[in-house]
Amino acid sequence: MSVKSRKIVDVLNGKTISPPPLWLMRQAGRYLPEYRATRAAAGSFLDLCYSPELATEVTLQPIRRYGFDAAILFSDILVIPDALDRNVRFEEGHGPRLDPIDTDGIFALKQDRVQQHLTPVIEAVSRIRHALPEETALLGFCGAPWTVATYMIAGHGTPDQAPARLFAYREPKAFAHLLDLLADLSADYLVAQIDAGADAVQIFDSWAGVLGEKEFADYAVRPVRRIIQSVKARRPQAKIIAFAKGAGLLLKTYRQQTGADAIGLDWSVPLSFAAELQKEGPVQGNLDPMRVVAGGNALDEGIDAILQALGNGPLIFNLGHGITPQADPENVTRLVARVRGDVR
């Protein structure tokens with residue numbers, strides 16, 4: 001079976017498939033009991049990310065359970081700052097923590113150990129591809145430079161990423177340097193994932209929604225375009241999904257400005273607007289993750305609305321952000337069945 005027969009790859013090439021292929025952001029995660037067991041055995045979260053054997057196992061768990069059309073590499077967007085020696089750690093109940101970086105620290109960043117540091121992740125990609133069913137696509141990913149930079153500057157997530165926004169205004173040269181550095185390292189990282197067996201990759205800009213119009217162009221569009229141009233210059237066949245959460249109307253020109261093959265849509269994107277975006281190419285999304293928690297009619301109605309609005313064009317069915325730990329695995333079973341037309 002050739003790569004072209006993988007449904008998600010077909011959609012990324014502009015094909016309409018009915019029912020649409022599906023995968024879920026964070027499909028390997030804490031809502032699954034098998035994931036929680038593996039996570040407990042791993043030690044720390046980063047130990048899990050850097051163990052090719054365990055990262056492969058948790059990536060495969062939702063494929064075994066649900067038969068999604070794609071697996072996504074189990075890793076984290078902060079492995080690049082970790083490779084840059086920013087002391088990344090994950091604290092229970094608090095999320096990621098890093099040593100905050102300043103202007104001097106930005107210009108002192110050393111890239112010489114990044115590739116070696118990420119070798120276990122690339123090995124996991126190769127193992128996952130070998131273990132997956134032939135018809136199942138494998139997605140790699142990275143964090144967008146803006147989103148990764150917000151964590152590096154504040155040292156943690158904040159409600160509106162004010163520390164990074166303020167830093168960018170006060171230190172524009174240092175901030176532009178950081179975004180360029182992250183873009184170049186991310187492009188290398190994505191090329192390595194593609195070479196190891198990823199069929200497509202996604203760039204996650206989880207904090208794009210806090211940016212104004214000019215800032216979105218400078219901090220979200222420009223670095224993502226730099227990544228995509230670099231990847232496609234070296235791997236012209238590469239397929240890239242760009243997900244700018246919360247970007248709203250700024251998504252209107254996001255595909256053209258970045259060169260992304262498909263754009264991911266969060267749940268706040270109106271389906272009428274999504275249908276307009278779909279006229280220009282594939283879209284991915286955009287079920288509210290809370291509908292998966294609620295189940296029942298709320299889940300069914302959300303699925304049906306997306307299929308009705310977007311099912312006649314190139315669509316990858318997904319959530320509008322990652323599945324949450326409180327989601328019932330049985331609701332995911334129903335989601336898969338309903339998208340595929342096995343239950344009404």
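Author: Terms to start: helices (H or I, at least four residues) and strands (E, at least two) are DSSP runs, numbered from the N terminus. The model is predicted, so local features need pLDDT of at least 70 and side-chain atom pairs pLDDT 80 or more, while totals for chains, interfaces and linings use all residues. Residues count from 1 along each chain as written, and side-chain values use heavy atoms, without hydrogens or water.

Reader: What domain does UniProt list?
Author: The unreviewed entry gives "domain: Uroporphyrinogen decarboxylase (URO-D)" for residues 21-30 and 139-155. UniProt annotations may be inferred rather than shown by experiment.

Reader: How much helix and strand is in residues 21-30?
Author: That span is 0% helix and 0% strand. Its end C-alpha atoms lie 23 Å apart.

Reader: And 139-155?
Author: Residues 139-155 are 59% helix and 29% strand. The end C-alpha atoms there lie 28 Å apart.

Reader: New topic. How much space lies in the largest pocket?
Author: About 1,300 Å³. A pocket is an open set of points on a 1 Å grid, with protein on both sides within 12 Å along at least five of seven lines.

Reader: Which elements give two or more lining residues?
Author: α2 (33-42), β2 (89-91), β3 (95-97) and α9. α2 gives the most, with three residues.

Reader: What classes line the largest pocket?
Author: The lining has 19 nonpolar, twelve polar and eight charged residues. Asp, Glu, Lys and Arg count as charged; Ala, Val, Leu, Ile, Met, Phe, Trp, Tyr, Cys and Pro as nonpolar; the others as polar.

How values were computed
1 Å grid on protein atoms, 1.4 Å probe; cavity = no way out; pocket = protein on both sides within 12 Å on 5 of 7 lines; lining within 4 Å. Points joined across faces, edges and corners; volume = space filled by probe spheres on them.
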